[in-house]
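Please work through each task before reading its solution.

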Amino acid sequence: MRRRRADKRIVVADPKYNSELVSRFISVVMQSGKKMAAEKIVYGAIEILQEKITEEAPLKVFGKAIDSVRPRVELKARRVGGATYQVPVDVSPLRGTSLALRWIRDYARKKKGKPMMNKLADELLAAYKQEGAAIKKRDETHKMAEANKAYSHFRW
């Protein structure tokens with residue numbers, strides 16, 4: 001039997017942009033507790049976005065990029081009588097955002113030959129333009145959910 005559900009932590013907005021989303025992204029990018037390094041990377045990436053897209057506020061571009069990567073449905077494994085089915089489940093907005101942030105970070109890390117700041121900026125820019133690896137991942141997830149729609153009656 002499972003215990004109670006963990007309480008949601010309150011995210012403190014970041015000091016520079018006063019945005020909870022940026023603060024969450026800094027935490028996702030952070031490695032080994034090095035928050036200052038993560039802040040430099042994220043703020044640097046947002047500044048690079050500002051240089052590349054001048055007609056819109058950098059925070060709006062960042063928000064749109066995250067929004068475009070956010071998945072609407074995902075698959076969860078569900079065991080029914082010895083067989084495991086991939087059941088499509090709607091994603092809550094909070095989990096969707098978390099997945100989007102993680103996917104962007106992971107695909108930025110996979111790139112080679114540039115500083116992390118530039119790789120992150122490139123991935124965010126690609127997401128803003130509805131292209132890139134993170135968008136591909138979202139589309140793949142949606143496609144898989146669509147293919148397994150037949151098992152949606154196993155939803156719990």
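**Exercise 1.** Which residue in strand 2 is the bridge partner of Val80?

*Solution.* The model is predicted. Begin with the two strands: strand 1 covers residues 73-80 and strand 2 covers residues 83-90, and they pair in the antiparallel sense over eight bridges. Within this pairing, Val80 has Ala83 as its bridge partner. Two residues stand between the strands of the hairpin, and Gly81 adopts a positive phi near 55 degrees.

**Exercise 2.** Classify the aromatic pair of Phe25 and Phe62, and state which parts of the chain the pair ties together.

*Solution.* The count of aromatic pairs comes to five. For Phe25 and Phe62, the ring centres are 5.4 Å apart and the planes form an angle of 55 degrees, a tilted pair. Phe25 belongs to helix 1 (residues 20-29) and Phe62 to helix 3 (residues 58-69), so the pair ties together parts 37 residues apart in sequence. Next, compare the accessibilities with the cut-off: buried means under 20% relative accessible area. Phe25, at 0%, is therefore buried, and Phe62, at 1%, is buried as well.

**Exercise 3.** How is the aromatic pair of Tyr85 and Phe154 arranged, stacked or tilted?

*Solution.* The centre-to-centre distance is 4.7 Å and the planes are 20 degrees apart. Stacked pairs require planes under 30 degrees apart, so Tyr85 and Phe154 are stacked. Tyr85 lies in strand 2 and Phe154 in the segment after helix 6 (133-147), so this pair ties together parts 69 residues apart in sequence. Tyr85 has a relative accessible area of 22% and is partly exposed. Finally, ring pairs link Tyr85, Tyr151 and Phe154 into a cluster.

Methods:
Residues are numbered from 1 along each chain as its sequence is written. This is a predicted model: local features need pLDDT of at least 70, side-chain atom pairs count only at pLDDT 80 or more; totals for chains, interfaces and linings use all residues. Side-chain values use heavy atoms; hydrogens and water are left out. Two strands pair if DSSP finds at least two bridges between them. Helices (H or I, at least four residues) and strands (E, at least two) are DSSP runs, numbered from the N terminus. Rings of Phe, Tyr and Trp (its six-membered ring) pair if their centres lie within 6.5 Å; planes under 30 degrees apart count as stacked, over 60 as edge-to-face and the rest as tilted. Buried means under 20% relative accessible area, exposed over 50%, partly exposed in between (1.4 Å probe, protein chains only).
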